[in-house]
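Hello,

Here is the model I promised to pass on to you. My notes follow below it, so please have a look first and then read on.

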Amino acid sequence: METAKQQWRGKTAPMPAKMSDAMFAGIMIGIVMPIISGLVYPTYYHKMPVPWVEWTRLMEAPFLLCELLFLRLAMHRGMDLTALIRSQPKDIKVAAILLITGVFASSILFSQQPAQSLVISIATIVHLLFAFSIYFIFSNAKDEERRFFLKCLGFGLLPLAFFTAWRFLFPVPASSVPGGTIEWMAALPGFINVRHFGSWTGAVAMVFVAIIVQRGDKARLSWMDGFYFAAAGMTIWSGTRAAILAIILATLIMIVSRKKMLSLAMFGRLSLLTGGAAILAFLLIPYNNPAFMLFPLGEVENSSGIASGRIELWKATYASWTQSPLLGWGSGSTFWEVYAGWPHTQPHNAVLQFLISWGIVGAAGAIWLLGRAVIAAHRKVASRSPELWPLLACLYALLVMSMLEGMLHYPRFIMLIFAMMALILASKEDGRQINSR
């Protein structure tokens, strides 16, 4: 039997000779899809020049197609979707009926753009089907496959960093950009804007915070430290305050749930890594652009500036929802129903997003399903599977960000949220540690 010290240090189990579906999921979600998105949507402006291409970018169509790929894969592997749905508890079935009713009734009856709302509504059903599919795919995942999935998130930072550096170091002529000016905040490969970018790297950073903490004080420097350094640096470089807040809160949740404070050595280790990442990030701020600064001077003078206009957006969204409280205004309706200085794809708050899109009916179903899954995941990790904290910590970071950003609107983040839930809930507690070297 391994000693506790050996368990904390971890031993990398041999990888299967054949790539499993769970490992394929890690490669696709963590590495391949960000690359594909970056290649398909190379922007130096806040939107693509062709309207229908811009619409697919806002919908993150490549990620929707990837979700359908996993649905097809799961069904090919023998997933009985009908049986899975029938096996769900009664409260989940009721919540799902409420959600689906809100999703489609609002879009058909009240949306000013019913065609667009229905497309987004269908995408919502695709997300739900993906949740079943990814759970099925992970149902037999081994401990080394869960580790591999997290490694893929870390390795996925490398092409992302390369793409980003290339675009900023070798930009196209400004004359070729609409308006004759490069909008650096929108020049991130495949991301809607730099905050979108920072939300992704922030979630990845939280994975490696949890892994480093799990490994303990005496663990040697390894790829986990390097991945955290890179993810933290990219997050700070992006100026995404919501991601920084999410990392802090998710870390506090982990500490409280584990009932174990960080040691002075661990605190120092994380502080040194974070401090070094911050210094490098500040040195690399492009063209002294305030959009990449965590706290530009002009934004700290009042609460509206600190919140980057979210307070006005939330007020406008709430006011619009109260005009159709029961069913809302249809999927995606924030874009045409709410105006707070400029159009927004979503209200930067998951609860308001559910309410204005699907009203009380759909929001009640969505919140119940989400809350039910999160509570189940937390109980499993906290009581029986503490080695899965890196997955749960990432999930909490994404959910915290969803109250300030669009994590439950954009498919790439929905995929990651559902993958984290599935890896936890489908775990058979077969392995020792997820945090091996």
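**Helix α15 and its neighbours**

The buried residues of helix α15 pack against α16 (334–337) and α17 (350–383). Please bear in mind that this is a predicted model, in which local features need pLDDT of at least 70 and side-chain atom pairs count only at pLDDT 80 or more, while totals for chains, interfaces and linings use all residues. Residues are numbered from 1 along each chain as its sequence is written, and side-chain values use heavy atoms, with hydrogens and water left out.

A few terms before I go on. Helices are DSSP runs (H or I, at least four residues), numbered from the N terminus. Buried means under 20% relative accessible area, exposed over 50%, and partly exposed in between (1.4 Å probe, protein chains only). Contact means heavy atoms within 4.5 Å.

Back to α15, which covers residues 310–321. Its twelve residues reach 16 Å from the first C-alpha to the last, close to the 16 Å expected at 1.5 Å a residue (the expected span is 1.5 Å times one less than the number of residues). Its buried residues are Arg310, Leu313, Thr317, Ser320 and Trp321. Seen down the axis of α15, these buried residues fall within an arc of 100 degrees, so they line one face of the helix (the arc is that of the directions from the helix axis to the C-beta atoms). As background, an α-helix has 3.6 residues a turn, so residues three or four places apart point the same way.

Leu157, Leu160, Thr164, Arg167 and Phe168 are the buried residues of α9. Seen down the axis of α9, they fall within an arc of 100 degrees, so they line one face of the helix. Their cover includes α8 (143–155), α10 (194–215) and α11 (223–238). On the other side of α9, Phe162 and Leu169 are exposed.

Helix α18 (residues 389–402) has 14 residues and reaches 20 Å from its first C-alpha to its last, close to the 20 Å expected at 1.5 Å a residue. How many of the residues of α18 are buried? The count is 14 of 14.

**The cavity**

The structure holds one cavity of 30 Å³ or more, and the volume of the largest cavity is about 30 Å³. On a 1 Å grid over the protein atoms alone, a cavity is a set of points where a 1.4 Å probe fits but cannot get out, and lining residues have an atom within 4 Å of a point. Grid points are joined across faces, edges and corners, and a volume is the space filled by probe spheres set on the points.

The lining of the largest cavity is made up of Ser37, Tyr41, Arg57, Glu60, Pro62, Phe63, Gly190, Ile192 and Arg412. By class, this lining has four nonpolar, two polar and three charged residues. Here Ala, Val, Leu, Ile, Met, Phe, Trp, Tyr, Cys and Pro count as nonpolar, Asp, Glu, Lys and Arg as charged, and the others, Gly among them, as polar.

Ile36 lies in helix α2 (residues 21–40) and is partly exposed, with a relative accessible area of 32%.

Phe335 is found in helix α16 and is partly exposed, at a relative accessible area of 35%. Leaving aside neighbours within four places in sequence, Phe335 is in contact with Leu58, Pro343, His344 and Thr345. Phe335 and Gln113 are 222 residues apart in sequence, and their C-alpha atoms are 10.0 Å apart in space.

Phe418 lies in helix α19 (residues 411–425) and counts as buried at 17% relative accessibility. With neighbours within four places in sequence again set aside, Phe418 is in contact with His127, Phe130, Ala131 and Ile134.

**Two positive phi values**

Most residues other than glycine have a negative phi. Lys259, in the loop between α12 (241–258) and α13 (264–283), has a positive phi near 55 degrees. His348 is found in the loop between α16 and α17, and its phi is positive at about 60 degrees although His348 is not a glycine. Lys259 is exposed at 77% relative accessibility, whereas His348 is buried at 16%.

Best wishes

How values were computed:
1 Å grid on protein atoms, 1.4 Å probe; cavity = no way out; pocket = protein on both sides within 12 Å on 5 of 7 lines; lining within 4 Å.
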